[in-house]
Amino acid sequence: MANFIDIAPLSKRLGAEITNVDLSSELDSETVDEIKKAWKKYIVLLFRSQSLTNQQYVNFSKNLGVLDEAPLDKDGKMMVDGFPELLIVSNIEENGTAVGSLGNLECEWHTDMSYNPKPPMGSCLYAIEVPDEGGNTGFLNMERAYETLPADLKETLAGKRIKHDATHNSAGQMRQGMTKPEDVTKSPGAYHPIIRTHPETGRKSLFLGRRPNAYIESFSSSESEFLLDRIWSHITQSQFIWEHKWRKGDVLLWDNRNAMHRRDPFDNIKRRYMHRTQISGDSPF
Ligand SMILES: [Fe+2]
């Protein structure tokens with residue numbers, strides 16, 4: 001069978017670069033199938049030096065599944081006029097108003113929108129302006145993290161659910177209409193299996209969402225905190241992590257079901273501007 005794409009792995013943990021695909025063109029079904037196969041295998045895919053209109057970026061993203069609509073801005077308008085699927089991630093302000101979300105802040109390890117009952121299966125970022133340093137994005141292979149978990153922890157967590165906090169965003173900012181949780185056993189957020197199965201590959205991974213305000217059901221809050229501290233000190237080892245340094249024109253696609261990500265802060269006098277699309281997903285099991 002002919003190869004339609006060239007794949008170069010980026011690390012032993014996860015990630016691969018696809019080197020010969022122009023995402024501005026309409027992709028044939030064989031190319032899309034190979035991209036999907038590579039995505040399943042490597043969890044994170046990088047396409048460098050892309051130059052895309054909003055429509056071309058949305059068209060590429062639609063090859064991967066049904067797209068979620070981005071939240072509206074505080075005035076109830078689309079972030080990118082005419083493109084309800086595009087979310088702006090940026091620190092840029094115009095007339096004193098932020099044009100996008102997350103500013104220049106550090107974003108701790110998280111899974112996108114996992115406080116919803118049906119979190120997106122994947123996310124894709126297109127880098128339109130990037131600072132010369134800072135703002136790197138790290139990825140964590142949650143399948144490896146699960147496989148290597150101490151046996152007693154695996155046993156303790158089997159069949160348990162964890163709450164994914166809805167009160168704060170990944171930059172630690174309070175979401176609209178939320179208050180700081182007084183009691184993690186009662187605060188808002190969806191419960192999901194803490195060990196989830198990838199619906200396409202059947203592989204298991206840890207599904208944690210994020211650390212702050214998480215809670216493992218059926219334990220007291222202090223027991224849950226103790227377990228979570230043990231889990232997090234295991235998963236955040238460098239052996240599970242790969243970090244991406246952005247260049248303008250990068251398109252980075254990740255599987256939200258078996259990878260977590262984080263972002264370094266960056267100097268706020270520098271401009272960073274990206275468009276994100278999200279591929280919708282089902283209830284984790
Ligand atoms: Fe994110």
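Me: How many residues of domain 1 are in contact with domain 2?

Reply: Contact here means C-beta atoms, placed from the backbone, within 7 Å. By that test, 14 residues of domain 1 are in contact with 21 residues of domain 2. This is a predicted model: local features need pLDDT of at least 70, side-chain atom pairs count only at pLDDT 80 or more, and totals for chains, interfaces and linings use all residues. Residues are numbered from 1 along each chain as its sequence is written.

Me: Where do the domain bounds lie?

Reply: Domain bounds come from an automatic or database domain assignment. The assignment gives domain 1 as 7-106 + 113-140 + 243-279, and domain 2 as 142-235. Their C-alpha centres lie 24 Å apart.

Me: Which residues of the largest nonpolar core touch the most other members?

Reply: A nonpolar core is a set of buried Ala, Val, Leu, Ile, Met, Phe, Trp, Tyr and Cys residues joined through C-beta atoms within 7 Å. Buried means 20 or more other C-beta atoms within 10 Å of the residue's own; exposed means 12 or fewer; partly exposed is in between. The largest core has 55 residues, and those touching the most other members are Val 44, Leu 45, Phe 139, Leu 140, Leu 206, Leu 252 and Ala 259. Domain 1 and domain 2 each supply at least three residues to this core. Take Val 44: leaving out residues up to four places away in sequence, Val 44 touches Leu 14, Gly 15, Phe 139, Leu 252, Trp 254 and Ala 259.

Me: Which residues of helix α1 are buried?

Reply: First, the general idea. An α-helix has 3.6 residues a turn, so residues three or four places apart point the same way. Helices (H or I, at least four residues) and strands (E, at least two) are DSSP runs, numbered from the N terminus. In α1, the buried residues are Glu 34, Ile 35 and Tyr 42. They span an arc of only 100° around the axis, which puts them on the same side of α1. The arc is taken from the directions from the helix axis to the C-beta atoms. On the other side, Ser 29 and Lys 37 are exposed. The cover over the buried residues includes β1 (7-9), β2 (16-18) and β3 (44-47). After α1 comes Ile 43, with a positive phi near 70°.

Me: What is the strand order in the open sheet of 3 strands?

Reply: Strands pair if DSSP finds at least two bridges between them. The order is β12-β11-β15, with antiparallel pairing. β12 (189-193) and β15 (215-216) are the edge strands, each pairing on one side only. Between β11 (residues 161-165) and β15 there are 2 bridges. Lys 163 has Tyr 215 in β15 as its bridge partner.

Technical notes: Contact = placed C-beta atoms within 7 Å.
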